[in-house]
Amino acid sequence: MQGTQEKHKEDTTTMAKLTESMTNVLEGDSMDQDVESPVAIHQPKLPKQARDDLPRHISRDRTKRKIQRYVRKDGKCNVHHGNVRETYRYLTDIFTTLVDLKWRFNLLIFVMVYTVTWLFFGMIWWLIAYIRGDMDHIEDPSWTPCVTNLNGFVSAFLFSIETETTIGYGYRVITDKCPEGIILLLIQSVLGSIVNAFMVGCMFVKISQPKKRAETLVFSTHAVISMRDGKLCLMFRVGDLRNSHIVEASIRAKLIKSKQTSEGEFIPLNQTDINVGYYTGDDRLFLVSPLIISHEINQQSPFWEISKAQLPKEELEIVVILEGMVEATGMTCQARSSYITSEILWGYRFTPVLTLEDGFYEVDYNSFHETYETSTPALSAKELAELAGRAELPLSWSVSSKLNQHAELETAEDEKNPEEQTERNGNLDSV
């Protein structure tokens, strides 16, 4: 009896240990999942030997979350509106709704509106003829119908088309013995003009939209960070492929980055202005040839404390917006693009694309996106300012150049010292 109790106690202890170990394993897995990524990433099932041979850093790299763009490279906003309950608001502005539709739906509505109006008024013309008895006196020459040569629904439909489009073939004509037909003719003429103005105006606005003009406004695929005039700057390049220019062109830039306030409020995708020359007028462009837009990283810049090592760790996006009027049509055009952290190159500059030829300047767009590496400190602008403040030197000087300058001064002094030492030695000997 005593042995049975001891055996039962050992089994209970073993089960408790197994339960505790399983709980710890599950808690550890859930904690790792919550820390590394909010989305569960399923790793491929591999044999044990293959899993043991894999480097440790590979699994960690795979768990990195992909940065989701707010604005795609082609300028389209990556935002979808869901759970919109007040859909009637789209109908209150039906004109803009039709203009914003895709071409296939727009053309379908265009055809359907005209077809429905023709069928509707054709049906009314046929009902008038049917009620007056014109269908029963088609071959009676003494009978005066409402519309001559109207002998069925097809002929009524054709007369409706001729009336609304003002074709007037002359075969079917309304008579003066039909007052209801005269009233219907007036109504169809007025409504037909309204439908024509609405639909043709909608098609004209959609055709003349300057969205396609933005296709010839190009942005560099990468943004760069390097020194310019002794200051750390963020730069990107814009260009216009057409000979017709963008009038009153202006450039803006926004930093899209989530933040948390001091009160603990989380603001997703917070928008911060990036100064690209607003106060100096450099944001207003004369876009005849490609231009490099520069943002000076100073104390007001959101990149003030970001260094080269910290930049890949940041989850941010730079949205650039180019606006202006199309010279040919006078309509406002807007082109957009964006740069995420992987598209920002630290220590690079853009390759020049403008060359002077015989009597003109030529732009080589093959080199528009090309960059080349240049010497740039890996420190943040704040650290460079502190270093320059301690050394009392401009930012373009580095610590190595300071040491080289001291070495040159010491070498020059050493070259002068032998003559002075000889004179001093001679004086000592003479004494």
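This is a predicted model: local features need pLDDT of at least 70, side-chain atom pairs count only at pLDDT 80 or more; totals for chains, interfaces and linings use all residues.
Q: Is Trp304 buried or exposed?
A: Leaving out residues up to four places away in sequence, Trp304 touches Ile297, Asn298, Gln299, Ser380, Ala381, Lys382 and Ala385. The relative accessible area of Trp304 is 16%, and because a value under 20% counts as buried, Trp304 is buried.

Q: What is the relative accessible area of Val320?
A: Val320 lies in strand β8, which covers residues 317-326. Not counting residues up to four places away in sequence, Val320 touches Phe219, Phe236, Arg252, Ala253, Ala335, Arg336, Ser337 and Tyr339. One of these, Phe236, is 84 residues away along the chain, with 9.3 Å between the two C-alpha atoms. Val320 is classed as buried, and its relative accessible area is 0%.

Q: Which residue is joined to Lys254 by a polar contact between side chains?
A: Lys254 lies in strand β4, made up of residues 246-260. Apart from residues up to four places away in sequence, Lys254 touches Gln271, Thr272, Asp273, Ile274, Glu317, Ile318 and Val319. The polar contact between side chains has a length of 2.5 Å, and the partner of Lys254 in it is Asp273.

Q: Is Thr351 buried or exposed?
A: Thr351 has its place in the loop between β11 (348-350) and β12 (354-356). When neighbours within four places in sequence are left aside, Thr351 is in contact with Arg237, Ser367, Glu370, Thr371 and Tyr372. Since its relative accessible area is 18%, and buried means under 20%, Thr351 is buried.

Q: What is the phi of Thr166, which is not a glycine?
A: Most residues other than glycine have a negative phi. Thr166 is in the loop between α7 (153-164) and α8 (179-207), and with 66% relative accessibility Thr166 counts as exposed. Although Thr166 is not a glycine, its phi is positive, at about 55 degrees.

Q: In which strand is Leu269 found?
A: Leu269 is a residue other than glycine with a positive phi, near 55 degrees. Its relative accessible area is 43%, and because this lies between the 20% and 50% limits, Leu269 is partly exposed. Residues 266-273 form the strand in which Leu269 is found, and that strand is β5.

Q: Are α6 and α8 roughly parallel or roughly antiparallel to each other?
A: Helix α6, residues 103-132, packs with α8 at an angle of about 175 degrees, and their axes are 11 Å apart. The residues of this contact divide into 20 nonpolar, five polar and three charged. Because angles over 145 degrees count as roughly antiparallel, α6 and α8 are roughly antiparallel.

Q: What percentage of the residues in the protein chain are buried?
A: The protein chain has 10 helices and 14 strands, and among its contacts between residues at least 6 apart in sequence, 65% join residues at least 24 apart. The chain exposes about 29900 Å², of which carbon and sulfur atoms supply 56%. Of the 431 residues in the protein chain, the buried ones make up 29%.

Notes: Residues are numbered from 1 along each chain as its sequence is written. Side-chain values use heavy atoms; hydrogens and water are left out. Helices (H or I, at least four residues) and strands (E, at least two) are DSSP runs, numbered from the N terminus. A polar contact is a pair of N or O atoms within 3.5 Å; within protein, one must be able to donate a hydrogen and the other to accept it, and residues adjacent in sequence count only if both atoms are side-chain atoms. Contact means heavy atoms within 4.5 Å. Buried means under 20% relative accessible area, exposed over 50%, partly exposed in between (1.4 Å probe, protein chains only). Accessible areas come from the Shrake-Rupley method with a 1.4 Å probe; for residues, only the protein chains shown count as cover. Axes are lines fitted to C-alpha atoms, for helices over the stretch in contact, and angles run from 0 to 180 degrees between N-to-C directions. Angles under 35 degrees count as roughly parallel, over 145 as roughly antiparallel, 65 to 115 as roughly perpendicular and the rest as oblique. Ala, Val, Leu, Ile, Met, Phe, Trp, Tyr, Cys and Pro count as nonpolar, Asp, Glu, Lys and Arg as charged, and the others, Gly among them, as polar.
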